[in-house]
Amino acid sequence: MTRLIIVSNRVSPPTGDGKANQGGLAVALASALRATGGIWFGWSGNETDEFTGQINISKTHGVTTATIDLEAQDVEEYYNGFANRTLWPLFHDRIDLAEFERGFAGGYERVNARFADTLMPLIAPDDLVWVHDYHLIPLGSELRQRGVRNRTGFFLHTPWPVMRLLLSLPSHRQLVEALFDYDLIGFQCQAWLDSFMEYVVSEFQGVDVDELGTIRIGDRVTRVIACPIGIDTQDFMASAASEEAESARLEMLASLHDRCLIIGVDRLDYSKGLEQRFHGYERLLLDQPEFQEEVSLLQIAPPSRAEVVSYQDIRKQLDALSGHINGEFATVHWVPLRYVNRGYDRTSLAGMFRASRVGLVTPLRDGMNLVAKEYVAAQDPEDPGVLILSKFAGAAEQMTEALLVNPYSPEELSDALAQALRMPLEERRQRHRALLKSVEREDVHWWLRTFLDALEQDRTEPEQDGAD
Ligand code: ADP
Ligand code: G6P
């Protein structure tokens with residue numbers, strides 16, 4: 001089996017039993033690495049006074065990780081800067097929040113070059129190299145410039161923006177050209193792939209594109225696929241049915257006093273539509289007062305990227321809005337909105353999902369959204385909750401039996417909440433059955449296989465040394 005090298009900004013090696021607090025992605029990547037004897041390479045999360053390129057290699061539960069420390073300036077310009085103040089807002093249609101500073105772009109290039117310099121010696125001739133996410137778009141190109149000829153793939157976990165927005169990035173062409181150095185580029189769904197292709201066809205003269213997604217430009221050949229990421233469905237279903245999850249579920253039910261639980265679980269990120277979600281809930285309580293004291297919204301939102309001002313701002317707005325909603329509607333016996341800024345272990349989350357009648361997943365833009373899939377996997381098939389899902393999440397392409405909503409509209413959110421809360425058991429079961437089918441079929445193992453098979457098959461012509 002060909003050895004795999006995974007590269008991502010963050011590295012999360014397995015902890016404890018290898019599962020407890022791990023996302024499905026980390027667990028799946030870890031098992032692929034274990035099987036191939038591969039390496040997971042990335043930033044340690046630590047800062048150092050001066051970049052040395054020293055690699056810290058360790059092996060945890062059969063997975064080898066190789067990490068490097070970055071300088072404070074790197075973290076500021078590359079991670080907080082270009083990745084999270086330029087690309088993330090731009091890729092999530094928030095051009096109003098995107099900052100186009102040359103210093104950020106310089107830091108992004110520098111860190112990608114540093115990744116390439118330190119990773120190079122670890123790559124053996126037959127390794128498959130798989131780079132993840134917007135932090136590392138130029139890495140493939142940096143590796144090629146250093147003579148790496150391995151099959152190299154890239155997967156974007158976020159959306160790809162429409163062309164009109166991408167053009168506002170001063171280095172848009174350079175960014176996309178760098179992608180042509182990968183053999184395979186994976187997107188979460190067809191919509192993001194289509195946006196990418198629209199840009200490629202219109203921006204590059206003489207590009208040749210076929211219906212299989214092969215892009216030929218000069219002497220470079222790459223292929224694009226839509227390959228939606230999934231969760232470790234069997235594992236999540238088992239967690240949700242475990243005794244530990246059952247006690248979390250019972251504890252939650254006891255606190256509800258027979259009220260219906262609506263649940264949301266998201267990183268505290270402006271792309272998740274939390275403000276709009278709270279407004280939609282407020283609208284439900286205003287327009288359909290019969291739900292007052294009958295429902296409770298639990299929003300779990302652990303803080304994220306706290307050094308970035310737009311994240312500090314959204315946190316303040318949500319603090320104020322949650323206070324306003326509770327002030328407006330609460331009684332001495334009822335808190336309409338439980339707003340919690342902390343993380344929970346996955347089993348407790350599964351139990352809380354199972355205790356709920358409605359799962360509210362309403363990002364304004366999202367590459368995929370795994371919470372939607374986890375919500376479905378956690379349900380009791382005999383008495384399942386209803387998923388309300390944003391049309392603007394990548395997951396909406398697969399999860400068409402959810403109640404699909406426009407997350408910007410408080411009225412649509414309020415209507416969908418009322419529909420979900422009143423939905424007859426048989427309809428809930430039918431929708432859940434259909435959703436679970438696709439969540440089971442296209443799980444994280446399917447995703448991994450599909451991408452890696454395509455990467456292995458799509459051997460492109462070897463390029464000239466020193467090309468580019
Ligand atoms: P994103 O990658 O943008 O954060 P996703 O929905 O795709 O969004 O993935 C989020 C992952 O983080 C899911 O696996 C989810 O269960 C997990 N998660 C989100 N909030 C919490 C929380 N409060 N506690 C534990 N895990 C969380
Ligand atoms: C999204 C991104 C990931 C990122 C994660 C958490 O899922 O696509 O690349 O790791 O958010 O964000 P953070 O900035 O904390 O790594």
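1. Helix 13 (residues 370-378) supplies the largest share of the shell around ligand 1, namely three residues. The model is a predicted one.

2. In total, 14 residues surround ligand 1. The closest of them are Arg267, Pro302, Gly343, Leu370 and Val371. Sorted by class, the shell around ligand 1 holds eight nonpolar residues, three polar residues and three charged residues.

3. Ligand 2 has a shell made up of Arg10, Asp133, His157, Thr158, Ser304 and Arg305. Its classes are three polar and three charged, with no nonpolar residue. For ligand 1, by contrast, the shell includes eight nonpolar residues.

4. Helix 13 also packs against another helix. Its axis and that of helix 8 (residues 233-240) come within 8 Å and cross at roughly 55°. Angles of 65 to 115 degrees would count as roughly perpendicular and those under 35 degrees as roughly parallel, so helix 8 and helix 13 are oblique to each other. The crossing of helix 8 past helix 13 is right-handed.

5. Which residues of helix 8 and helix 13 meet? From helix 8 they are Thr233, Phe236, Met237 and Ala240, and from helix 13 they are Glu374, Ala377 and Ala378. By class, this contact between helix 8 and helix 13 consists of five nonpolar residues, one polar residue and one charged residue.

6. To sum up helix 13: this helix contributes three residues to the shell around ligand 1, and Glu374, Ala377 and Ala378 in helix 13 meet residues of helix 8.

Conventions: Residues are numbered from 1 along each chain as its sequence is written. Chains are lettered from A and ligands numbered from 1 in the order in which they are written. This is a predicted model: local features need pLDDT of at least 70, side-chain atom pairs count only at pLDDT 80 or more; totals for chains, interfaces and linings use all residues. A residue is near a molecule or strand if its C-beta atom, placed from the backbone, lies within 6 Å of it. Helices (H or I, at least four residues) and strands (E, at least two) are DSSP runs, numbered from the N terminus. Ala, Val, Leu, Ile, Met, Phe, Trp, Tyr, Cys and Pro count as nonpolar, Asp, Glu, Lys and Arg as charged, and the others, Gly among them, as polar. Axes are lines fitted to C-alpha atoms, for helices over the stretch in contact, and angles run from 0 to 180 degrees between N-to-C directions. Angles under 35 degrees count as roughly parallel, over 145 as roughly antiparallel, 65 to 115 as roughly perpendicular and the rest as oblique. A crossing is left-handed if the near helix is turned anticlockwise from the far one by less than a right angle, and right-handed if clockwise. Two residues are in contact if their C-beta atoms, placed from the backbone, lie within 7 Å.
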